[in-house]
Amino acid sequence: MRYNGKIDNLNHIVISDPSYKKDVWCRYEINDLKEKDWIVDLDINHKTEKIEDFDIGYIEFNMLIKRDKDVCDFDETKLSYLNNINLKEYEIGIDTACVALGVNDKAKGIIDSHDEWQPTCSLRTGGDGTFGEVVEGKDVNNNLCFLFISGVLSDYMGYEVDDLKDYLISQFEIKELKIESEKSGSEVENNIGIGEGL
């Protein structure tokens, strides 16, 4: 299911295992953005994959946070963005079987919980390894234009789609989240230069 919403104020973003400090390579943080009225596109679904004789269930989400509607878009196979945007990709790692995502005061809360084991601001993952990735898009003046955040949670931890959706709404201070209405025509292709598929 795909949703659209907005973030009124965006200053600080953290996506990380909460035990990590700033110098760890497999985390994402940016601060002092001083941005207002950003757009959120969230696609979140329960999926099942057959591995040998087992059906493995998981929740997959892709969330795009962008300055304005014409800068970037995504579908199931590619991320499309303006041609003058430079990308940087970050893998999000896990070493304490949890991950935390948040903005503004929630981002500070993640940093302040560094010494806690699986703090309340985090999602339990049931194991270590990789949670997902962040793709950062910046313009030629090094200003943030968008963040594309993706991740996966196993059914093993007992989360439902609505649990993850509610967590993201709270942690990213998302307002007015609604189910996306049908797009008219080929809106992305008309307004955005197609970037490389990820």
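## A buried tyrosine pair

In this predicted model, Tyr 90 has a relative accessible area of 18%, which places this residue below the 20% limit and therefore among the buried ones. Tyr 28 is likewise buried, at 1% relative accessibility.

By the distance between ring centres, the count of aromatic pairs comes to four. One of them joins Tyr 28 and Tyr 90, whose ring centres lie 4.9 Å apart with the planes at 75°, so the arrangement is edge-to-face.

## A tilted phenylalanine pair and a charge over a ring

The rings of Phe 61 and Phe 131 have centres 6.0 Å apart and planes at 40°, and the pair is therefore tilted. Because Phe 61 lies in strand β5 and Phe 131 in strand β11 (residues 129-138), this pair ties together parts that are 70 residues apart in sequence; both residues are buried.

Elsewhere, Arg 2 places its charged end over the ring of Phe 74, at 4.0 Å from the ring centre.

## The sheet and its helix

An open sheet is formed by seven strands in the order β8-β11-β12-β5-β4-β1-β13, with antiparallel pairing. Strands β8 (86-94) and β13 (174-179) stand at the edges with a single partner strand each, so one side of each has no neighbour in the sheet. From one strand to the next, the twist averages 20°.

Within this sheet, β5 (residues 54-66) and β12 (residues 144-154) pair in the antiparallel sense over nine bridges, and Tyr 58 has Ser 154 in β12 as its bridge partner. Helix α2 (residues 161-171) lies across β1, β4, β5, β12 and β13, and runs at about 160° to β4.

Notes: Residues numbered from 1 in each chain as written. Predicted model: local features only at pLDDT ≥ 70, side-chain atom pairs only at ≥ 80, totals over all residues. Heavy atoms only, no water. Pairing = 2+ DSSP bridges. Helix = DSSP H or I, 4+ residues; strand = E, 2+ residues; numbered from the N terminus. Axes fitted to C-alpha atoms, helices over the stretch in contact; angles between N-to-C directions. Contact = heavy atoms within 4.5 Å. Phe/Tyr/Trp six-rings, centres within 6.5 Å; stacked < 30°, edge-to-face > 60°. Buried < 20%, exposed > 50% of the residue type's maximum accessible area, 1.4 Å probe, protein only. Lys NZ or Arg CZ within 6 Å of the ring centre and 35° of its normal.
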